[in-house]
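Reader: I have the sequence and the coordinates open side by side, and I would like to go through some local details with you before turning to the overall picture. Could you start with a single residue?

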Amino acid sequence: MKGAGIAGLAGLAGCIGTGDPESGGDGSDGSDGSDGSDSSDGSDGSDESDSGNGMASEINVWGWDVAARALMITSEEYESENDATVAVEEFGRSAMKDRLQTNLLSGSGAPAVSMLESVDGPSLIDTGSVAPLSDEIEEAGVKDDFISGKWEALTVDGDIYALPWDTGPTAVYYRRSVYDEHDIDPDGIETWADFIEEGQKLPDEQYMLNLPEGDLSGVWRYQFRQLSGEPFLESGEVNIHNEKSLRVARNIKEIYDADIAANIEGWTSAWFSAYGDATIASLPSAAWMEGTLRAELPDTAGDWGVFKIPALESGGPRASNWGGSNLMIADQVSDDKKARGWDYLQFSLATEEMQLAMYDEYGLFPALETTYEDPVFEEELDFYDGQPARALFAEVAQEAPGYRFTEDTPEVSQAIETELQRMINGEQSAEEAVQAAAETVAENTDRDLA
Amino acid sequence: MREQRRKDAVWQFLTYAFVVTMVVVMMVPLYWMLVAATLPQEQFLQFPPRLVPGTAFLDNFAALQERLDFVRTIRNSVLIAVIYTLLSLVLCSMAGFAFAKYEFKFKEPIFYAILATLVLPIQLLVIPLFLLMAQLDWTNTFRAIILPWAANPIGIFLMRQNMKSIPDALLESARMDGATEIQIFYRIALPTMRSSLAALAIILFLFQWDLFLYPLVILESADMYTIPIGLAQLTGFQRIYYDQIMVAATLAIVPMVVLFLLLQKQFVSGILAGSLKE
């Protein structure tokens, strides 16, 4: 299965170009070529400069975990088609973030290309150490090839600073055997009220979902985003005490009060165990969760299904996003490295062949919307007992609204976490919780309330 | 009399009960780490946790070794920590001796300025130090990890306090006998400081052994990683390699335990020395 990799997907994806600058990028957009790098002269004395096309002959790329290994697939392909070396280095997630931030702030030692989580986008871009890519993206004509919800986190003052990579369309994973046994119909669940009602069918020792007290802000965020909520207005005011936020807070309280939720800290042995033995029957999460479930709970393969996250009210939106990464270029590297970096970015992320290869091998759900027409998305998957789950994720990815991450996003998470915990413990109402959270954020970030 | 004895016995029992409880509280995580290092990942994730050692230690180690070359990582850490400890012991004891036994201009202000650097968090120093090392072209070298911390303010303070307890008359009589200042330091002062040096050696070794953020930024290639940097590479987003992390953590404490066992006698007396003035 894994070995099928690139060769197989190359066939699936069709002839979408090589990504070689000589052959015109992804070839599908009619751009003339190379990549907008002609303006860079590579004259900064880099000893790795390729004399011909203004592109360095060697660049380094940083990533973590499976993402880094996915980049090794594209770097190998890129090297085989270009006279260049792309050295991918794999790190731990927080180790890489710490190191990259220091290198960017100090103006020295950063790699040409590195991963950038959407949630970190604005805070890193604000340091002025990330190279703007608006001109390159416009010249290559690839912007519309990606899902629209990705760009907001990568755009500051009208300039785009990274190219989208993967995305985290949300869905509820559920254990088929438990739902069948207790006559719960996933197709009949349209709203959270339905979800709660169906959850009452489970016996006392089984839970419909997990709602850990330490991650209420994560739950709040994906539901707030589901309603197209924005934590800050475009003009900067704090906006987490509005009607949408209140609706989400009430929903969390209703789920909690219905006694259908377990309270187990995420990613602990107790958490894995509860999903392994189906003590918890459903898991609202994102497309990337499949990789974790496959790796850590292999015995459950074939017993999972997915459905769209319930709407907050009948007829409401059922798509959101949780997570996702991009690739950026450090502003401190020489022009010829930037040019090579952009060429590699375009090859890896803006070509269907490479995006599909990374999805197939490592489960990185592509943000490149043009891939969704590929037959691979219609495949019936054994892990989901034959359900073509990728099609559902693709639909959600296209529907998911954008989200305004800022350098103050962590403040929002912290304040929401604290106040929602007090709410579910009965210390305050939902109205008081969101109002208090908004006031805390406004005070700590020196912003006004919307 | 009997009443008193009974009271003493009760107190003794309570004291022992408290001590035993604290030992258990402290040892359980260590025990769990040792057990977890011998379990495959799927057993590690079981709940309730398995408390009996398994047989997967070598498999976990092999996976760790393949992923990280952990033997080299340990070697790097030991090499850096040993060289750093020896160098820092020399510098700190010399500086401590100077501050304790010599009179020179601005002695007190200089000493307090050195002490004041203790309040600077390492996060504040990382970027300037990184830029300095980049200018010297020392990034990705061990000397960049060792030298900036070699004159350790805690070490200087500890040695100064201890050196103060050496009687001035002893040093004076050595001078009268014709000893040079260097001879006085090495032949007379240093030998009386054995327990303090042992205590300081443990403190310095531990400081360097645990150093994370600074080496993370300075050491660029995987073959130069120290243990904390190596451990940090095992925590991804979709998957955390608990089995490998536990093996690495278990192996990481071995040199510390060995060092402590070797020096433990001197450690306590060294820490206490200089704390009382006669």
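**Local geometry and helix packing**

Author: B:Asp69 is partly exposed, with a relative accessible area of 24%, where buried means under 20%, exposed over 50% and partly exposed in between, using a 1.4 Å probe and protein chains only. This is a predicted model, in which local features need pLDDT of at least 70 and side-chain atom pairs count only at pLDDT 80 or more, while totals for chains, interfaces and linings use all residues. Residues are numbered from 1 along each chain as its sequence is written, chains are lettered from A and ligands numbered from 1 in the order in which they are written, and side-chain values use heavy atoms, with hydrogens and water left out.

Reader: Where is the place of B:Asp69 in chain B?

Author: B:Asp69 sits in the loop between α3 (57-68) and α4 of chain B, with helices taken as DSSP runs of H or I of at least four residues and strands as runs of E of at least two, both numbered from the N terminus.

Reader: Changing topic, which residues does B:Val217 touch?

Author: Leaving aside residues up to four places away in sequence, B:Val217 touches A:Arg99, A:Thr102 and A:Asn103 as well as B:Val126 and B:Phe130, a contact being heavy atoms within 4.5 Å. B:Val217 lies in helix α12 (residues 213-218) of chain B.

Reader: So is B:Val217 buried or exposed?

Author: B:Val217 is buried, at a relative accessible area of 1%. B:Val217 and B:Ala169 are 48 residues apart in sequence, and their C-alpha atoms are 49 Å apart in space.

Reader: What about B:Ile184, which helix does it lie in?

Author: B:Ile184 is part of helix α10 (residues 181-189) of chain B, and this residue is buried, with a relative accessible area of 0%. Beyond the residues up to four places away in sequence, B:Ile184 touches B:Phe97, B:Leu171, B:Ala174, B:Arg175, B:Ala179 and B:Ala189. B:Ala174 is 10 residues from B:Ile184 along the chain, and their C-alpha atoms are separated by 6.8 Å.

Reader: On to packing: at what angle do α4 and α11 of chain B pack?

Author: Helix α4 (residues 70-101) and helix α11 (residues 194-210) of chain B pack at about 135 degrees, with their axes 9 Å apart. Axes are lines fitted to C-alpha atoms, for helices over the stretch in contact, and angles run from 0 to 180 degrees between N-to-C directions. The pair is therefore oblique, as under 35 degrees counts as roughly parallel, over 145 as roughly antiparallel, 65 to 115 as roughly perpendicular and the rest as oblique.

Reader: Which residues meet there?

Author: From α4(B) they include B:Val78, B:Ile80, B:Tyr84 and B:Cys92, and from α11(B) they include B:Leu197, B:Leu204, B:Phe205 and B:Trp209. By class, the contact of α4(B) with α11(B) has 14 nonpolar, five polar and no charged residues; Ala, Val, Leu, Ile, Met, Phe, Trp, Tyr, Cys and Pro count as nonpolar, Asp, Glu, Lys and Arg as charged, and the others, Gly among them, as polar.

Reader: How do α5 and α8 of chain B pack, at what angle?

Author: Helix α5 (residues 107-116) and helix α8 (residues 153-163) of chain B pack at about 135 degrees, with axes 9 Å apart, which makes α5(B) oblique to α8(B). In this contact B:Glu108, B:Phe111, B:Ile114 and B:Leu115 of α5(B) meet B:Pro153, B:Ile156, B:Phe157 and B:Arg160 of α8(B), giving six nonpolar, no polar and two charged residues.

Reader: Last topic, chain A: how many helices and strands are there?

Author: Chain A has 16 helices and 11 strands, and 60% of its 450 residues count as buried. Among contacts in chain A between residues at least 6 apart in sequence, 76% join residues at least 24 apart.

Reader: How far apart are the axes of α9 and α16 of chain A?

Author: The axes of α9 (residues 243-257) and α16 (residues 430-445) of chain A are 9 Å apart, and the helices pack at an angle of about 125 degrees, so α9(A) is oblique to α16(A). A:Ser245, A:Leu246, A:Ala249 and A:Arg250 of α9(A) make the contact with A:Ala430, A:Glu431 and A:Val434 of α16(A), and these comprise four nonpolar, one polar and two charged residues.
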